[in-house]
Number of protein chains: 2
Amino acid sequence: MDYIDTMTRFSRPTPSKIVMLVMDGLGGLPVKELGGRTELEAARKPNIDKLARSSALGLHRPIAPGITPGSGPAHFALFGYDPVKWEMGRGVLETLGVGFDLKQGDVAVRTNFCTLDEKGLITDRRAGRIPTSECARLSEMLDKKVKLAGVKTFFMPVRDYRGGIVLRAKGLGANVGDTDPQVVGAKPLAAIGANAPSRKSAKLLNDIVKQTRRIIKNERPANGILLRGISSYRPYPSFKDVYKLRAACIAVYPMYRGASKIAGMDLIGQPQTLDEELKLLKETWEDYDFFFFHFKYTDSKGEDGDVKGKVREIEKFDKAIPKVLKLKPDVLILTGDHSTPTQLKSHSWHPVPLLISGPALRADSSGKFGETECSAGSLDIINATNIMPLAMAQAGKLLKFGA
Amino acid sequence: MDYIDTMTRFSRPTPSKIVMLVMDGLGGLPVKELGGRTELEAARKPNIDKLARSSALGLHRPIAPGITPGSGPAHFALFGYDPVKWEMGRGVLETLGVGFDLKQGDVAVRTNFCTLDEKGLITDRRAGRIPTSECARLSEMLDKKVKLAGVKTFFMPVRDYRGGIVLRAKGLGANVGDTDPQVVGAKPLAAIGANAPSRKSAKLLNDIVKQTRRIIKNERPANGILLRGISSYRPYPSFKDVYKLRAACIAVYPMYRGASKIAGMDLIGQPQTLDEELKLLKETWEDYDFFFFHFKYTDSKGEDGDVKGKVREIEKFDKAIPKVLKLKPDVLILTGDHSTPTQLKSHSWHPVPLLISGPALRADSSGKFGETECSAGSLDIINATNIMPLAMAQAGKLLKFGA
């Protein structure tokens, strides 16, 4: 459950500022080579640990015990939206994330360019990870040449081998399965719709795949596409309406930018590095009272199973902390969207370390920010959707519920 | 709430195996004569305590704070079904538990044979606890002689003085109160239906009671019946569909077997002792990837208020642990379905000790499995319906929610 309706009723605009720092995939499990500590516990992070001494600590559950979230649901939960109730597919998130102006009812698809052999079998699901420039060239070609009667189609590059397609027509459904079989050596699956409007979309998508195959047949290495995360767009109540916040997203990757846009945040610049993100934060400080600030690489190293790399990324982020604190946010949240233990090389269901700094709290005296301290922290284990209400309360932006 | 829909969407079959060991009524309260320890804390249980050193500990709430569950709801919650949403009466559970093949719409009743005096007042609600053989003889007699126009009736023995009745006809309701007044010296109550289809059932049931009274009038000590847990059967989504698990139930008593059958588990053998249960577990190990393994006597001793007895039963179960571990389950759950403090001599609402052993967890280092350690455990206090998702996650059987 979430508190979107409650926040909408009781939030009020004030000059105080909230910063939400998200280290993607932050949480971990005890690592043998680190003497049973997690990467977060082992990292040298004097700035974060100093911050911890005056902050409240705890853990949050992105969805529920045992449920591993994808990046989209995990971020919606951080933003206060129940991720089960407000489920939104990756097609929508990524096309919004690259700045496409989706309308209600549009069907959006996340695509992979892939390599197919002469029999049509997949030999590389990511077409040798072609660069964004090549993805852009191919997307432009498809955008010009693919034709469907009575339906507007939009092709766009996302990042590297990742692209997006949007279908715009009346009466299209989005309950359509992926065509990516998730393995090499197989043919792409046919798109299959689960109901009449979705079957209409599936037919159009299968036609697109066929036309694409013809158009880019002689390209190398990308000579085919796989469709994933087929989804239709519906508006969410915005941060402005729910929290009365002028909210900004500072993030490198389209996926997180898309989720922020759905929540009604402004997408600030197009940073490519942590330094550029910090620069944008400083430059736009006066224009907003909520900043979602996303750092990707803790998750990437977790997914790679790279213990030292994850430690290093945490240490790198630690150096950014003084630059954030110098701006004097009234409330600071430091957490992850989910855990990505290096042992599992994937997202996981484990609760995520959470730190909240603000003017009216019981500070945990441990002086360390780690899974062990957070597990004993005064915030307890809370649902991710509880974080925004707590931050709003710390920021003095919530009226009381009832007289 | 539960995660049945989420599990149905995201579970996948894998070769890993989950064992759920349930010590019925496990939880307790501090006992003076045990120096303020609970029975679980006082028991000598080296195998369980050793297991605790590499496991995650916590507590679970069967339903909600303050709500004391019956055995049926407590087990449905352990199996992941919200016990409020998926309420099922004892009549259904026990008749299914003895192997009766209930159809949707059947009305099932749990009965007690009782002793009535010449005025029709109850002198013993359990007819001197007649043995199952006597219960079977009387049930067979009733099954032959009771006649209702247009309605099929089935009488069956359950265990000791407990029996079951099934009514099969169109349009029967099951919103009918018990006829057991729960005290001696009173007459059995009339069955009363709360709506038209249930009034139809109540009329039939009152007729059955009248005919029974005539048929077994001269029997001793059982010369009457009391009706309880009148309920109608509806199918639940099965473990196979929800969790993609081939699931087995190893349990002595009909009640737990019935609940397992409703959840789509296979009922393995008809064990009468813990040793027979362990033998069945070993014999069928290769055929299943989920085992629900039930141990009754911790609850029985709790209900009797027998402190030493409860300690002894826990110690007895401890000796079974190595035999289970030898089979190398990937995930092991050790818990109770509810608490049965000896002080209360009944089920209670207190959170229940929970241990989960698996490959991807933060072990609690206490090295003891008891209420005190569980209360400080890393799993926190969770709802019973969260246990199956956690076990599924540990077993690597869950895909992530969203991209």
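In chain B of this predicted model, strand E3 (residues 107–116) pairs with strand E6 in the antiparallel sense, over six bridges. Strand E6(B) covers residues 162–168, and six of its seven residues are buried. Strand E5(B) also pairs with E6(B), through seven bridges.

**Strands around E6 of chain B**

- Strand E5(B) runs from residue 152 to residue 159, and its pairing with E6(B) is antiparallel.
- Lys152(B) has Arg168(B) in E6(B) as its bridge partner.
- E5(B) and E6(B) make a hairpin with two residues between the strands.
- Asp160(B) sits in the turn of this hairpin and has a positive phi of about 55°.
- Strands in a sheet are held in pairs by backbone hydrogen bonds, and the pairing is either parallel or antiparallel.

**The eight-stranded sheet in chain B**

- Chain B has an open sheet of eight strands in the order E9-E8-E10-E1-E11-E12-E2-E13, with mixed pairing.
- Its edge strands are E9 (266–267) and E13 (381–383) of chain B, each of which pairs on one side only.
- Inside this order, E8(B) (residues 247–250) and E10(B) (residues 290–295) run parallel and are joined by four bridges.
- Ile250(B) has Phe293(B) in E10(B) as its bridge partner.

**The eight-stranded sheet in chain A**

- Chain A has an open sheet of eight strands, ordered E9-E8-E10-E1-E11-E12-E2-E13, and the pairing is mixed.
- Strand E9 (266–267) and strand E13 (381–383) are the edge strands in chain A, each pairing on one side only.
- Strands E11(A) (residues 331–335) and E12(A) (residues 352–357) run antiparallel, with four bridges between them.
- The bridge partner of Thr335(A) in E12(A) is Leu354(A).

**Two residues of chain B: buried or exposed?**

- Leu57(B) lies in strand E2(B), which covers residues 56–61.
- Leu57(B) counts as buried because it has 25 C-beta neighbours inside 10 Å, and the cut-off for buried is 20 or more.
- Leaving aside neighbours within four places in sequence, Leu57(B) is in contact with several residues, among them Ala52(B), Leu354(B), Leu355(B), Phe369(B), Cys374(B) and Leu379(B).
- Leu57(B) and Thr335(B) are 278 residues apart along the chain, while their C-alpha atoms are separated by 10.0 Å.
- Arg214(B) lies in helix H7(B), which covers residues 196–215.
- Arg214(B) counts as exposed because it has 9 C-beta neighbours inside 10 Å, and the cut-off for exposed is 12 or fewer.

**Chain A as a whole**

- Chain A contains 14 helices and 13 strands.
- The radius of gyration of chain A is 22 Å, which agrees with the value near 22 Å for a compact globule of 403 residues.
- The C-alpha trace of chain A spans about 65 × 55 × 40 Å along its principal axes.
- Of the 403 residues in chain A, 54% count as buried.
- Among contacts in chain A with a separation of 6 or more, 73% are between residues 24 or more positions apart.

**Domains of chain A**

- The domain assignment gives domain 1 (4–87 + 236–394) and domain 2 (93–232) in chain A.
- The centres of these two domains of chain A, taken over C-alpha atoms, are 32 Å apart.
- Nine residues of domain 1 of chain A are in contact with seven residues of domain 2 of chain A.
- Helix H9(A) (residues 254–262) gives the most to the domain 1 side of this contact, with seven residues.
- That side of domain 1 of chain A has five nonpolar, two polar and two charged residues.

**Contact between the chains**

- In the contact between the chains, 26 residues of chain A touch 17 residues of chain B.
- Helix H4 (71–78) and helix H13 (371–375) of chain A each supply at least two residues to the side that touches chain B.
- H4(A) gives the most to that side, with three residues.
- By class, the side of chain A that touches chain B has 13 nonpolar, ten polar and three charged residues.

How values were computed: Residues numbered from 1 in each chain as written. Chains lettered and ligands numbered in written order. Predicted model: local features only at pLDDT ≥ 70, side-chain atom pairs only at ≥ 80, totals over all residues. Pairing = 2+ DSSP bridges. Rg over C-alpha atoms; globule rule 2.2 N^0.38 Å. Contact = placed C-beta atoms within 7 Å. Nonpolar A, V, L, I, M, F, W, Y, C, P; charged D, E, K, R; others polar. Domains from an automatic or database assignment.
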